[in-house]
Amino acid sequence: MKKIRFGALGYGAIGRVYGRIIQNPPCAALIAMPNADVRGVSAPHCECCNGCQALLQNAEIDVAAICLSLGMHKEAACGAAKPHKHALCEKPIDVERARAQKMGWILAKKTASHSERRAAPL
């Protein structure tokens, strides 16, 4: 079975939860994080990227797990859509309705997906 390859943006409290969950099932792997987020990560095959843009441009990543601070979700999710990656976005998608709608429109046009998970990260 081919694994779904994740890159995680943001490794605060919820990012650590995503990291643990992504590494657990045999169908998923955490393969990349920005350098600043790697402290305390126990992912054996996780590569360090030089910032968020480098992670989003990494051709090995299928899904960008966006666990950043509010107000940063739209930029990261739309950045994931450019190379046609999927974006798994932590809630809330945004605090401003207009930015949330624009993010949805951009992702829909690029055939990427976005998700706001309330009960469980995956």
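Author: Please bear in mind that this is a predicted model. In it, the side chains of Glu90 and Tyr18 are joined by a polar contact of 2.8 Å.

Reader: Where is Glu90 found, and is Glu90 buried or exposed?
Author: Glu90 lies in strand β5. Its relative accessible area is 11%, which is under the 20% limit, so Glu90 counts as buried.

Reader: What does Glu90 touch?
Author: Leaving aside residues up to four places away in sequence, Glu90 is in contact with Ile14, Tyr18, Ile66, Cys67 and His73.

Reader: And how many residues of β5 are buried?
Author: In β5, 4 of the 5 residues are buried, so the strand is largely enclosed by the rest of the structure.

Reader: Which way do β4 and β5 run, and how many bridges join them?
Author: They run parallel, and 4 bridges join them. Within this pairing, Val63 stands opposite His86 of β5. Together with helix α3, residues 73-81, the two strands form a right-handed β-α-β unit.

Reader: Back to Tyr18. Which residues of helix α1 are buried?
Author: Helix α1 spans residues 13-23, and Gly15, Tyr18, Gly19 and Ile22 are buried there. These residues cover an arc of only 100° around the axis, which means that they sit on the same side of α1.

Reader: Which residues are exposed on the other side of α1?
Author: Ala13 and Arg20 are exposed there.

Reader: What covers the buried residues of α1?
Author: The cover includes β1 (4-9), β2 (28-34), β4 (63-66) and β5 (86-90).

Notes. Residues numbered from 1 in each chain as written. Predicted model: local features only at pLDDT ≥ 70, side-chain atom pairs only at ≥ 80, totals over all residues. Heavy atoms only, no water. Buried < 20%, exposed > 50% of the residue type's maximum accessible area, 1.4 Å probe, protein only. Arc of directions from axis to C-beta. Contact = heavy atoms within 4.5 Å. Pairing = 2+ DSSP bridges. Right-handed = clockwise from strand over helix to strand, strands pointing away. Polar contact = N/O pair within 3.5 Å; in protein donor to acceptor, adjacent residues only side chain to side chain.
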